Amino acid sequence: MNRLKHNWLVCRSVAEVTYKEWSAYRTHSLVSVIVGPVYFMVQYFIWTAVYGGQATLGGMDLHQMIRYFGATALIGYLIMDFADWNLSMLVRTGKFLTFHLRPVHHRSFALFQKLGHRFLGFLFEFVPCLFIFIFIFGIDMRPASFPWTLLSVLLAFLMNFYVNYTIGLTSFWLVQSGGIRSAFMLVSAIFSGALIPLAFFPHWLQVIQFFLPFQYIAYMPAMVFTGHYSLGGLELSIPQAVGLQAVAVLITFGLNEAIRRQAMKQFTAVGA
């Protein structure tokens, strides 16, 4: 019990230190306050033109589509992750050895780093953009169910972390995982639903998304926000959708743990 309490205090301190460290660069976060709304405005004009006089597309009307993209933009601020890049850097430089010898293993350390970093993002990215969407664009950004949306975003937060951390683990075999990271970011941008709702994809491609991590990062929490989830001809209630998301996160965590154990056997502390 004392050890668990000690580890919790250590991890909480990591989150606090990360928040203070990145606070020195909060202007970087403030740039997103400009980029996010500009990107949203582009999406607004594009989809307004695409809809034309049509009532619905892909099972969504224009109002739902605008709320969907507002939700994906805000969710992106909350779940953004850099665990893969950070882990790759530590392995490449040999500095991972210092974490390997600590009582709290690096994955927990990295998770609380992300918590501290995203709390800063919440204050300087999420909140300002939320106000911009509501008071300037006049969008109703109230979730259909706040508790379910909050839980879904938390699961998306964990999914994005575990997937990215798994990519970082490939550095134990490849040393430099930048190529895999770039490829994943490209594929994720397309298949997470951040650029276009997955309901517009061919049916067979929609079905495949149930077995990939991407939709659980952006599409599903955004659809939970709107209050309606459907994909691949399957319509789920919001509790069912969040339950499926939770199962996907648990499976991803299990795969991450299995790969992490194998990666530790590869560790040689080159450069230490």
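What share of the accessible surface of the protein chain belongs to carbon and sulfur atoms? In this predicted model, the accessible surface comes to about 13,800 Å², and 70% of that area belongs to carbon and sulfur atoms. The protein chain contains 12 helices and 4 strands. Of its 272 residues, 47% are buried. Among contacts with a separation of 6 or more, 75% are between residues 24 or more positions apart.

The largest nonpolar core comprises 68 residues, and L74, F96, F133, F172 and Y229 have the most contacts inside it. Helix α7 (residues 146–169) gives the most to this core, with 11 residues. Beyond its neighbours up to four places away in sequence, L74 touches F126, C129, L130, F133 and M141.

Helix α12 (residues 238–266) has 29 residues and should span 42 Å at 1.5 Å a residue; its end C-alpha atoms are 42 Å apart, which agrees. Buried positions in α12 include I238, A241, V242, Q245, N256, E257 and R260.

The model has 6 salt bridges. One of them joins E257 to R107, with the closest N and O atoms 2.8 Å apart. Because E257 lies in helix α12 and R107 in helix α6, this pair ties together parts that are 150 residues apart in sequence. Both E257 and R107 are buried. E257 also meets R260 in a salt bridge (3.1 Å, N to O); these two residues are 3 residues apart in α12, about one turn of the helix. R107, E257, R260 and R261 are linked in a network of salt bridges.

A salt bridge between D81 and K114 has an N to O distance of 3.3 Å. D81 lies in the loop between α3 and α4, and K114 in helix α6, 33 residues apart. D81 counts as buried because its relative accessibility is 9%, and K114 counts as buried at 1%.

Terms used
Residues numbered from 1 in each chain as written. Predicted model: local features only at pLDDT ≥ 70, side-chain atom pairs only at ≥ 80, totals over all residues. Heavy atoms only, no water. Core = buried A, V, L, I, M, F, W, Y, C linked by side-chain atoms within 4.5 Å. Buried < 20%, exposed > 50% of the residue type's maximum accessible area, 1.4 Å probe, protein only. Contact = heavy atoms within 4.5 Å. Expected span 1.5 Å × (residues − 1). Areas by Shrake-Rupley, 256 points an atom, 1.4 Å probe, with all protein chains shown as cover. Salt bridge = Lys/Arg side-chain N within 4 Å of Asp/Glu carboxyl O.
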